[in-house]
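Welcome, and grab a pencil.

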Amino acid sequence: METSLNKEQQLQPSIKILSMHPLKFALWLFIVTVVMIFAALTSAYIVRQSEGNWLIFELPNVFLYNTIILVASSVTMHLAYLAAKKNNFKNLKLFMMLTAVLSVAFFVGQYEAWGALVDRDVYFVGNPSGSFLYVISGLHAFHLISGLIFILIMLFSAFKYKVHSKNMVKMEMCTTYWHFLDGLWVYLYIFLLLNH
């Protein structure tokens, strides 16, 4: 009987099942959707720019400072993730708070950048180049708000000691989403810098 079972097991092809936590899968679907939205926006930007009637202007330096701030927030987010894996609650809370502060600094910086655009006579209504810039940076800021909310939820959980090496799913999701948003902004900034 045992030998017949072994023969049946040998005849069946080995099936490897890949699994992913349902919440992580949902996050990746959302990320793909956001990528498609910004790919469409940047494609439309290029197409509309080629039609002419395009205002040429220098991007305010505040956009560069905001990019540096966001990259720094990605570093602090990753340090928070590493601290959670090692159950280092002090560093976890510290780096999550720093990430939250840096993200708020980015929002303040974006507000300043939009003010600098207005000082250069680049408005939301008027020339399409300004409209695209406001829509792209504003839509990114909107997604960043959802990331900040996620960070604050994880920070609150960290203070309740619910984030640790044996409970990392949401922390991994938060880290992934934040790195994605930061990488997306770096792409958008370089795109706008090269195509303004």
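Predicted model: local features only at pLDDT ≥ 70, side-chain atom pairs only at ≥ 80, totals over all residues.

Residues are numbered from 1 along each chain as its sequence is written, and side-chain values use heavy atoms, with hydrogens and water left out.

**Exercise 1. Work out how helix H3 and helix H6 are oriented to each other, and describe their contact.**

Step 1. Find the helices: H3 covers residues 62-85 and H6 covers residues 169-194. Helices here are DSSP runs of H or I with at least four residues, numbered from the N terminus.

Step 2. Look at the axes, which are lines fitted to C-alpha atoms over the stretch in contact, with angles from 0 to 180 degrees between N-to-C directions. The two axes come within 10 Å and cross at roughly 160°.

Step 3. Classify the angle: under 35 degrees is roughly parallel, over 145 roughly antiparallel, 65 to 115 roughly perpendicular, and the rest oblique. H3 and H6 are therefore roughly antiparallel.

Step 4. Nonpolar covers Ala, Val, Leu, Ile, Met, Phe, Trp, Tyr, Cys and Pro; charged covers Asp, Glu, Lys and Arg; the others, Gly among them, are polar.

**Exercise 2. Compare two further helix pairs, H4 with H6 and H3 with H5.**

Step 1. Start with H4 and H6, whose axes come within 14 Å and cross at roughly 30°. That makes H4 roughly parallel to H6.

Step 2. List the partners: Leu92, Met96, Thr99, Ser103, Phe106 and Gln110 of H4 meet Met171, Trp178 and Trp185 of H6. Contact means heavy atoms within 4.5 Å. This H4 and H6 set holds six nonpolar, three polar and no charged residues.

Step 3. Turn to H3 and H5, where the axes come within 14 Å and the crossing is roughly 25°. H3 is therefore roughly parallel to H5.

Step 4. Here Phe63, Leu70 and Met77 of H3 meet Leu133, Ser137, His140, Leu144 and Ile151 of H5. The H3 and H5 contact counts six nonpolar, two polar and no charged residues.

**Exercise 3. Find which residues touch the most other members of the largest nonpolar core.**

Step 1. A nonpolar core is a set of buried Ala, Val, Leu, Ile, Met, Phe, Trp, Tyr and Cys residues joined through side-chain atoms within 4.5 Å. The largest one has 52 residues, and Phe63, Leu92, Met96 and Met171 touch the most other members.

Step 2. Ask where the core comes from: helix H2 (22-50), H3, helix H4 (89-119), helix H5 (128-159) and H6 each supply at least two residues. H6 gives the most, with 13 residues.

Step 3. Zoom in on Met171: beyond neighbours within four places in sequence, its contacts are Met77, Ala80, Tyr81, Ala84, Leu92, Met96, Met154 and Val163.

**Exercise 4. Is Leu92 buried or exposed, and what about Met97?**

Step 1. Use the cut-offs: buried is under 20% relative accessible area, exposed over 50%, and partly exposed in between (1.4 Å probe, protein chains only).

Step 2. Leu92, in helix H4, has a relative accessible area of 1% and is buried. Not counting residues up to four places away in sequence, Leu92 touches Ala80, Ala83, Ala84, Ala158, Val163 and Met171.

Step 3. Met97 also lies in H4, but at 37% Met97 is partly exposed. Leaving aside neighbours within four places, Met97 contacts Leu155 and Phe159.

**Exercise 5. Examine the phi angles of Asn53 and Asp121.**

Step 1. Most residues other than glycine have a negative phi.

Step 2. Asn53 has a positive phi near 55°. Asn53 sits in the loop between H2 and H3 and is exposed, with a relative accessible area of 60%.

Step 3. Asp121, not a glycine, has a positive phi of about 65°. Asp121 lies in the loop between H4 and H5 and counts as exposed at 52% relative accessibility.
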